[in-house]
Amino acid sequence: MNRKVGGGRNGYEFTLENASGNFFIRQKPSAVLFGGETITVKKWSGVYRVIYERVNRDTQVLEDLLYLRNKAAGTVRVLISDTPAGMRKPLNVDEEIFVETHYGVETMFNIMVDWILRYVLCD
């Protein structure tokens with residue numbers, strides 16, 4: 001995985017290979033970078049959405065995400081589902097794929113990177 005995510009007033013970047021959600025605590029995102037493409041975002045949920053929408057373009061990744069629905073769960077809520085039911089702040093990232101975003105930035109990134117994207121992008 002070598003996707004870069006830009007964030008903060010200082011224009012920091014990191015790759016998902018060495019991502020750490022705690023790096024972005026109290027930072028505001030500004031953009032998500034994919035190669036030479038810059039996608040402007042204003043909220044962390046926007047970063048989340050852009051990354052999921054981009055990886056979903058790969059049919060194998062999409063199949064893996066569909067497989068994870070209703071199986072990846074936190075202590076209280078399902079993290080990725082085919083329905084928003086039971087989620088506090090569901091984000092619809094694809095047809096029949098909802099992810100929970102009712103977390104702080106550190107937890108949200110840990111879920112996205114360590115629990116979901118590492119599974120679908122790094123066999």
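Which residues touch the most other members of the largest nonpolar core? In this predicted model, local features need pLDDT of at least 70 and side-chain atom pairs count only at pLDDT 80 or more, whereas totals for chains, interfaces and linings use all residues. Residues are numbered from 1 along each chain as its sequence is written, and side-chain values use heavy atoms, with hydrogens and water left out.

The protein chain contains three helices and seven strands. Helices (H or I, at least four residues) and strands (E, at least two) are DSSP runs numbered from the N terminus. Their order from the N terminus is β-β-β-β-α-α-β-β-β-α. The chain has 123 residues, of which 45% are buried; buried denotes under 20% relative accessible area, exposed over 50%, and partly exposed the range in between (1.4 Å probe, protein chains only). Among contacts (heavy atoms within 4.5 Å) with a separation of 6 or more, 41% join residues 24 or more positions apart.

In soluble globular proteins, nonpolar side chains tend to be buried together. A nonpolar core is defined here as a set of buried Ala, Val, Leu, Ile, Met, Phe, Trp, Tyr and Cys residues joined through side-chain atoms within 4.5 Å. The largest such core has 27 residues, and Y48, Y52 and M112 touch the most other members. At least two residues of this core come from each of β3 (29-34), α1 (44-55), α2 (59-68), β6 (90-94), β7 (97-100) and α3 (105-121). The most is given by α3, with eight residues.

Helix α1 has 12 residues and spans 17 Å from its first C-alpha to its last, close to the 16 Å expected at 1.5 Å a residue; the expected span is 1.5 Å times one less than the number of residues. This helix is mostly covered, with nine of its 12 residues buried. Y48 counts as buried because its relative accessibility is 1%, and Y52 is buried, with a relative accessible area of 0%. Leaving aside neighbours within four places in sequence, Y48 is in contact with L91, V99, E100, T101, M108, I111 and M112.

Two aromatic pairs are counted. Rings of Phe, Tyr and Trp (its six-membered ring) pair if their centres lie within 6.5 Å; planes under 30 degrees apart count as stacked, over 60 as edge-to-face and the rest as tilted. The rings of W44 and F109 have centres 5.3 Å apart and planes at 85°, so this pair is edge-to-face. Because W44 lies in helix α1 and F109 in helix α3, the pair ties together parts that are 65 residues apart in sequence. Both W44 and F109 are buried. The rings of Y48 and Y52, with centres 5.1 Å apart and planes at 85°, are likewise edge-to-face. Y48 and Y52 both lie in helix α1, four residues apart, about one turn of the helix.

The loop between α1 and α2 contains N56, which counts as buried at 7% relative accessibility. A polar atom of the N56 side chain lies 3.5 Å from the backbone oxygen of V93. Leaving aside neighbours within four places in sequence, N56 is in contact with L62, L65, V93, D94 and I97.

Conventions:
Polar contact = N/O pair within 3.5 Å; in protein donor to acceptor, adjacent residues only side chain to side chain.
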